[in-house]
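Look over the sequence and the structure first, then read on.

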Amino acid sequence: MIRVENLHRHFGGFRAVDGASLEIATGSITGLVGPNGAGKTTLFNVIAGVLEPTSGRVTMDGEDITGLPPHVLFGKGLLRTFQIAHEFSSMTCRENLMMVPGGQSGETLWNAWFHRGRIAQEEAALLKKADEVLDFLTISHLKDEKAGNLSGGQKKLLELGRTMMVDAKIVFLDEVGAGVNRTLLNTIGDAILRLNRERGYTFCMIEHDMAFIGRLCDPVIVMAEGKVLAEGTIQEIKSNEAVIEAYLGT
Ligand code: ADP
């Protein structure tokens with residue numbers, strides 16, 4: 001689905017991503033690991049249109065998407081999860097989900113005055129969808145809770161839920177398991193697996209927790225010093241000498 005070819009992203013003279021090439025297969029849950037500073041987040045940000053590449057190419061299903069802005073990629077079904085922004089923390093979980101899809105009729109003043117029936121219909125459909133998403137993620141009981149009151153893991157589930165409000169094809173997850181307790185980590189893992197198997201989502205995830213990666217990801221891509229160092233199953237990666245050396249060197 002995604003092909004990254006000889007991608008570079010430099011900051012001044014520093015090569016954060018230094019000629020990385022990789023592929024993310026349709027239907028896979030691809031893990032991206034590597035020591036701190038390897039360039040994983042920068043690579044994610046370039047693919048997701050948050051940062052411009054210095055050079056190189058990114059394609060999605062054969063179409064050149066290099067440097068396209070996030071909202072255009074969003075329209076193509078390529079999403080990157082973001083932390084719930086501060087200004088949304090006083091909104092409920094349900095409201096946070098309902099505001100994800102753009103292009104709602106109520107957004108224009110004209111429609112607000114003259115097409116109230118349509119707006120009400122759209123809102124009812126969004127509400128239904130938001131409740132389905134909350135149910136899927138097993139957090140229905142939190143629907144009226146303000147996002148700011150959620151635990152770290154619950155916030156991660158809500159972030160995942162936001163990708164379910166639109167027709168996502170591929171979702172980039174940045175450390176979805178960081179600082180999350182085991183029980184919620186399992187819930188998040190279950191949701192990712194079900195989205196992958198039942199709804200055909202492709203995932204690419206940066207993660208440090210090897211047990212979590214081992215449960216979810218195949219293949220696992222290892223980055224070091226801005227390049228792809230190795231790729232394989234979790235077992236292959238763990239016994240790869242170059243990988244062990246890269247981790248020990250930091
Ligand atoms: P990782 O996610 O693998 O830990 P990052 O992509 O966050 O790695 O960072 C790779 C390197 O690029 C780090 O050394 C980091 O300090 C540097 N870097 C990242 N973003 C910037 C930036 N905006 N300006 C300068 N250096 C940056």
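## Strand E1 and its neighbours

In strand E4, Val58 is the bridge partner of Val4. This pairing belongs to a predicted model. Strand E1 covers residues 2-11, and E4 covers residues 55-60. The two strands run antiparallel and are joined by 5 bridges.

E1 also pairs with strand E2, again in antiparallel fashion, through 8 bridges. Here Val4 stands opposite Leu22.

E1 and E2 form a hairpin with 2 residues between the strands. In this hairpin, Gly12 takes a positive phi near 60 degrees.

## Around the ligand

Which residues are around the ligand? They are Phe11, Phe14, Ala16, Gly34, Asn36, Gly37, Ala38, Gly39, Lys40, Thr41 and Thr42. Two elements give two or more residues each to this shell: strand E2, residues 14-24, and helix H1, residues 40-47. H1 gives the most, with 3 residues.

By residue type, the shell divides into 4 nonpolar, 6 polar and 1 charged.

## The chain as a whole

The secondary structure of the chain comes to 10 helices and 10 strands. The radius of gyration is 19 Å, close to the 18 Å that the globule rule gives for 250 residues, so the chain is as compact as a globular protein of that length. Along the principal axes, the C-alpha atoms fill a box of roughly 65 × 40 × 30 Å.

How many of the 250 residues count as buried? The share is 38%. Among contacts between residues at least 6 apart in sequence, 67% join residues at least 24 apart.

## Confidence in the model

The chain averages a pLDDT of 90, and 91% of the residues score at least 70. The model scores ipTM 0.97 and pTM 0.89. Where pLDDT is low, the predicted coordinates should not be read in detail.

Terms used: Residues are numbered from 1 along each chain as its sequence is written. This is a predicted model: local features need pLDDT of at least 70, side-chain atom pairs count only at pLDDT 80 or more; totals for chains, interfaces and linings use all residues. A residue is near a molecule or strand if its C-beta atom, placed from the backbone, lies within 6 Å of it. Helices (H or I, at least four residues) and strands (E, at least two) are DSSP runs, numbered from the N terminus. Ala, Val, Leu, Ile, Met, Phe, Trp, Tyr, Cys and Pro count as nonpolar, Asp, Glu, Lys and Arg as charged, and the others, Gly among them, as polar. pLDDT is the predictor's confidence in each residue, from 0 to 100. Two strands pair if DSSP finds at least two bridges between them. The radius of gyration is taken over C-alpha atoms; the globule rule is 2.2 Å times the number of residues to the power 0.38. A residue is buried if 20 or more other C-beta atoms lie within 10 Å of its own, exposed if 12 or fewer, and partly exposed in between; C-beta atoms are placed from the backbone. Two residues are in contact if their C-beta atoms, placed from the backbone, lie within 7 Å.
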